[in-house]
Amino acid sequence: MKKPVRLIALLVVLLGGGTLAYSMTRPRAGYEPHQPIYFQHRRMAGAPQWTKDAEGKDVNTGGFNIPCLYCHSMEYKGRHATLPSTDICMNCHSTVGQSKEWVLVLQGYWERGEPIPWVKVHDLPDYVYYDHSVHLAAKNDQGEAKLDCVDCHGTVEEMDVVTVQSAFNMGWCLDCHRKPEMNAPTDCVTCHR
Ligand code: HEC
Ligand code: HEC
Ligand code: HEC
Ligand code: HEC
Ligand code: HEC
C-alpha cells in the first residue's frame, strides 16, 4: 500500500473504533425519534404569541397553553406516565384545525379506530425501576413539590419535537438522589428490585 492510502485506512479504523466506544457509553441526551404525526409541544403546550397576519388579523403563532396533565394524566398509578389516547386529541380536533396537514393524518387514525403508533422517546431498560408518582409527590420541608416536569424533561413547552434532555443513565439518577435537599435513597435495590 502506498503511504497516503495506509494513512487513510488507519484513520478509518480509528474513527470507526472511536464511534463504537462512544456509542457504548453514550448518554441518551438528544435522542429524537421520528414520530407518525408532526406533533409540536410548542404549538399545544406553549405560551400564546399573537401577531398580525397580512390582512391585519390577529393570529396565534405560539401555543395554546394546554396543561401537561391534560394529556399526560399522571393519575395513572402505574410506573409510567401515559401518552394521550386519540380521543383526547379529538376533544378539540373534531372541530379545530381541519385545514392543517397533520390534523388530517390524526383524523385518519381516529376514523380507522387505530391507536397512533407514537415512538417512545425515553425508554429505560426493564431492569431499572422508575416511578413518576414518587417523584412528583416528593415535598420539601416547606411542603412544596421538590420536582416538576422541567427538572428532568426541560422546557418541553418550547420544543417542536421532544428530545431527551439529560443523560437518563445511572449517573444522572444518582447525581440527583445524592443531593442533600433531595433526601432520596441511593442503595441499589431502590432502582434494581
Ligand atoms: C395536547 C396534548 C399534550 C400536551 C398538552 C402535552 N403533551 Fe407531552 N406528549 C403528547 C404526545 C402526543 C406525545 C407523544 C409524541 C411525542 O413524543 O412528541 C408526548 C410526548 C411527551 C414526552 C416524551 C414521551 C416519551 O415517549 O418518552 C414527554 C417527556 C412529554 N410529552 C412531556 C410533556 C410536558 C412536560 C408537557 C407540559 C409542558 C406536555 N408533555 C404537554 C401530548 C401532549
Ligand atoms: C425525576 C425526573 C422526572 C420528572 C420530575 C418527570 N419525569 Fe417524565 N420521565 C422520567 C423518566 C426517567 C422517564 C423514562 C421512564 C422509562 O423509560 O421507564 C420518563 C418518561 C416520561 C414519559 C414517557 C412515558 C413513560 O412513562 O415512559 C412521559 C409522557 C413523561 N415522562 C412525562 C412527564 C411529565 C408530564 C412530567 C411532569 C408532570 C414528568 N414526566 C416529570 C423522569 C421524570
Ligand atoms: C384543548 C384543545 C386541543 C387538544 C386537546 C389538542 N389540540 Fe392540537 N391544536 C389545537 C388548536 C387550537 C390548534 C391550532 C389550530 C389552527 O391553527 O388552526 C391545534 C393544532 C394542532 C396541529 C397543527 C399544528 C400546526 O400549526 O400545523 C396538530 C398536528 C395537532 N394540533 C395535533 C394534536 C394532537 C396529536 C393532539 C392529541 C395528542 C392534540 N392536537 C390535542 C387544540 C388542541
Ligand atoms: C432531579 C432529581 C431526581 C432524579 C434525576 C431522579 N430522582 Fe428518583 N427520586 C428523587 C426524589 C426527590 C425522590 C423522593 C424522595 C422522597 O421520598 O421524598 C426520588 C425517589 C425515587 C424512588 C423511590 C424510592 C423509594 O422507594 O422511596 C425511585 C425508585 C427512584 N427515585 C428512581 C429513580 C431513577 C431510576 C432515576 C433515573 C432514571 C431517578 N430516580 C432520577 C429525585 C430524583
Ligand atoms: C437512583 C437509581 C439507581 C440506583 C440507586 C442504582 N442504579 Fe444501577 N442503574 C440505574 C439506571 C437508570 C441504569 C441504566 C443505565 C443505562 O441503561 O444507561 C442502571 C444500570 C446499572 C447496571 C448496568 C450497567 C450498564 O451500564 O449496562 C448495573 C450493573 C447497575 N446499574 C448496578 C447498580 C449497583 C450495584 C447499584 C448500587 C451500588 C446501583 N446500580 C444503584 C439506576 C440506579
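Modeller: Happy to! Helix H6 (132-137) and helix H7 (149-153) each give at least two residues to the shell around ligand 2; helices here are DSSP runs of H or I with at least four residues, numbered from the N terminus. Please keep in mind that this is a predicted model, where local features need pLDDT of at least 70 and side-chain atom pairs count only at pLDDT 80 or more, while totals for chains, interfaces and linings use all residues. Residues are numbered from 1 along each chain as its sequence is written, chains are lettered from A and ligands numbered from 1 in the order in which they are written, and side-chain values use heavy atoms, with hydrogens and water left out.

Ligand 2 is surrounded by 20 residues, the closest being Ala81, His132, Cys149, Cys152 and His153; a residue counts if one of its heavy atoms lies within 4 Å. By class, this shell holds 11 nonpolar, 6 polar and 3 charged residues. Nonpolar means Ala, Val, Leu, Ile, Met, Phe, Trp, Tyr, Cys and Pro, charged means Asp, Glu, Lys and Arg, and the others, Gly among them, are polar.

Now for the polar contacts, pairs of N or O atoms within 3.5 Å. The side chain of His132 places an N or O atom 2.8 Å from a nitrogen atom of ligand 2. On the oxygen side, a polar side-chain atom of Lys120 lies 2.8 Å from an oxygen atom of the ligand, and a polar backbone atom of Leu124 is 2.8 Å from an oxygen atom of ligand 2.

Let us move on to ligand 5. Its shell has 14 residues, with Arg28, Met170, Cys188, Cys191 and His192 the closest. The elements giving two or more residues to it are helix H8 (170-177) and helix H9 (188-191), and H8 provides the largest share, 4 residues. Here the classes come to 8 nonpolar, 4 polar and 2 charged.

Met170 belongs to helix H8 and His192 to the segment after H9, so the pair ties together parts 22 residues apart in sequence.

Note on methods
Polar contact = N/O pair within 3.5 Å; in protein donor to acceptor, adjacent residues only side chain to side chain.
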